[in-house]
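User: Please take a close look at one strand of this model and its place in the sheet. I would like its faces, its partners and its turn described in one connected answer.

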Amino acid sequence: MPSLADATRGRILFGGDYNPEQWPEETWAEDVRLMKEAGVTTVTVGVFSWARLEPAPGMREFGWLRRLLDLLHAGGVEVCLATPTASPPAWLGRLHPGTLPVTADGTTLWWGSRNQYCPSSAAYRRYAGALVADLAAEFADHPAVVMWHVNNEYGPVCHCEETAERFRGWLRDRHRTLEGLNSAWGTAFWSQGHSSWATVIPPRSAPYLPNPAAVLDFRRFCSDVLLECFTAERDLIRRHRPDVPVTTNFMTLYPHVDCWSFAAAEDFVSLDSYPDPADPRAAVYASLGQDVARSVGGGRPWMLMEMAAGAVNWRPVNRAKPAERLRLEALQSVARGADAIHFFQWRASRSGAEKFHSAMLPHAGPDTPQHRAVRELGRELGRLGEAVGGEVAADVAVVLDWPNWWALEQRGRPSERVELPGLLLAWHGALWDEHLTVDYVRPDADLRRYRMVAVPNLYLADDPAVDNLVAYADGGGTLVSGFLTGVADGNDTVREGGTDARLRAVLGVHPLEWRPLGEESVPLTGLDGAATLWSEALRVEEGTEVLARLADGTPAVTRRGRAVYLATLPDPALLRRLLGGAAAAAGVRPEVEGLPDGVEAVRRGGLLFLLNHTGAAVRIASGAGRHEVLTGRELPPDAELGPYDAWVLR
């Protein structure tokens, strides 16, 4: 199977999205010249070019793309060639209205933006497949093409009749019979039973709360139907070049598809990452996405498909990004497993919805601090070939499951304030503050190699997941579980007793009542800190130690052997101490002891990355004779790492 290594060939790839169809052709030569001067190795071409490639049904306008690829190849710039199927042309929606997505309330979403397609539409798939087949036949052997990028940020959802029919087929495969469907969905509630498949529809706008099991299955279906679209295009490309790797891109904390399933179908994983420069915890957010990208790809190197050279255009206030932060974000990605760093985009667009989104080549041109920072980054990445292919080791695993995410955040739960991204960021941030690198794992993954497994939340836990966590804990592993875990089975049916009995036995507690908190925090006794977001009436079994209680005596943090249960979300400082203490007791140690807060240390292969995410210089005992790869200098035993600066040590 091809991999990212087939494209990198011992280099960190550097470049970005290139949209030459937005510019006069005479601009292209200048672009290639400036790319070469900036150290660009690779550009992604054609992501949103369907209307240019197929201006009318069946017409092919490939000449401009061939001239472009020839020019890039002559200039020494390689190409990640994209299929343009994320943004169909207007003529497709006009001629085939069934290709347009329909919302849950029956509203048709029209052309004029992007992503206006129904993934279940046979007409959409037919036109998309025909264009991709012709693209692959035309360009698969072009010497500039070193990888393929399919579609973009998969996520469209449709509730139309064609989707309904495909959804019924998916449900037949999953539940076999109407009796099986009715049982799994608990349709005895509110007289929702189905006596005919014809009454089974996608969850559409209804007078009150929809059936949660139906909503969950529809989320699963939407992910699967998008995966069908991806694999169909991937297979068309592979018919011509099975040796060239194929990818598509996720985003940090991306809820639209099950990234575990998608990653298994890709040759390598790609990530779009846009931490907010105004967020003091931006480095935590970015590292979470990077660790997930590496993990869903099985630990293999991944590609940063999109990052911003400066400000984005879609936040209420779009802050400029200082040059040193640009560099730091890129090096953080390399540290956590990226072998390719790409931006959106190469040249800033003068028209359209993203004309105020930054680019490697900004509106003000190449003689700008922003472009000079891009050039310098290209030079530095050229010195990091030693990192390519290196593995990132972690002794801590964090459980992440997309169906659990979809189930947890439906309406009708004890608290709408409980959201998985917030819990993940809190737990990941606590471990990051302790300078610990983590892997993310499926609930049924082999956990034996990890010294500690953290479960921020696993509300939806099927039998294999429960058995796996119990076996890990019974085998002597350190298990730290968050609240509302093991409550429902894979069909979102609450377990007998309110929580799975096997987990109750391992954790030594039985939640008797869920008591979510509002905005307030509640002081704890036994540990210095406070409870936030959640609390429970908790029965503590014999042999279980209570580490912290609410003021009224209700247990909030417990420990039974090597299993810790958090019946609340502790405040950040206490959560850090709890997770850090559990990791230390399990024998987990940071790469560098005694680092100041905000300084990140990640080992990748034979290199140690030290990244200072603070605005102040810090002194670090690096060890005499350590070689700093980016500058080539030998560091003294006690050296100063500047604000927003980074070292790569050998």
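Strand β15, residues 521-525, has a covered face made of V522 and L524, while S521, P523 and T525 make up the uncovered face. Strands here are DSSP runs of E of at least two residues, numbered from the N terminus. The model is predicted: local features need pLDDT of at least 70, side-chain atom pairs count only at pLDDT 80 or more, and totals for chains, interfaces and linings use all residues. Residues are numbered from 1 along each chain as its sequence is written, and side-chain values use heavy atoms, with hydrogens and water left out.

Two strands count as paired if DSSP finds at least two bridges between them. Strand β15 is joined to β16 (residues 530-532) by three bridges, and the two run antiparallel. P523, on the uncovered face of β15, has A530 of β16 as its bridge partner. β15 and β16 form a hairpin with four residues between them. In that turn, G526 has a positive phi of about 95°.

Strand β15 also pairs with β18 (residues 545-550), again antiparallel, through two bridges. Here L524, from the covered face, stands opposite L550.

These strands belong to an open sheet of ten strands with mixed pairing, in the order β11-β10-β12-β13-β20-β19-β18-β15-β16-β21. Its edge strands, β11 (438-441) and β21 (569-570), each pair on one side only. Elsewhere in the sheet, β19 (residues 555-560) and β20 (residues 563-566) pair in the antiparallel sense over four bridges, with R559 opposite V564 in β20.

Technical notes
Buried means under 20% relative accessible area, exposed over 50%, partly exposed in between (1.4 Å probe, protein chains only).
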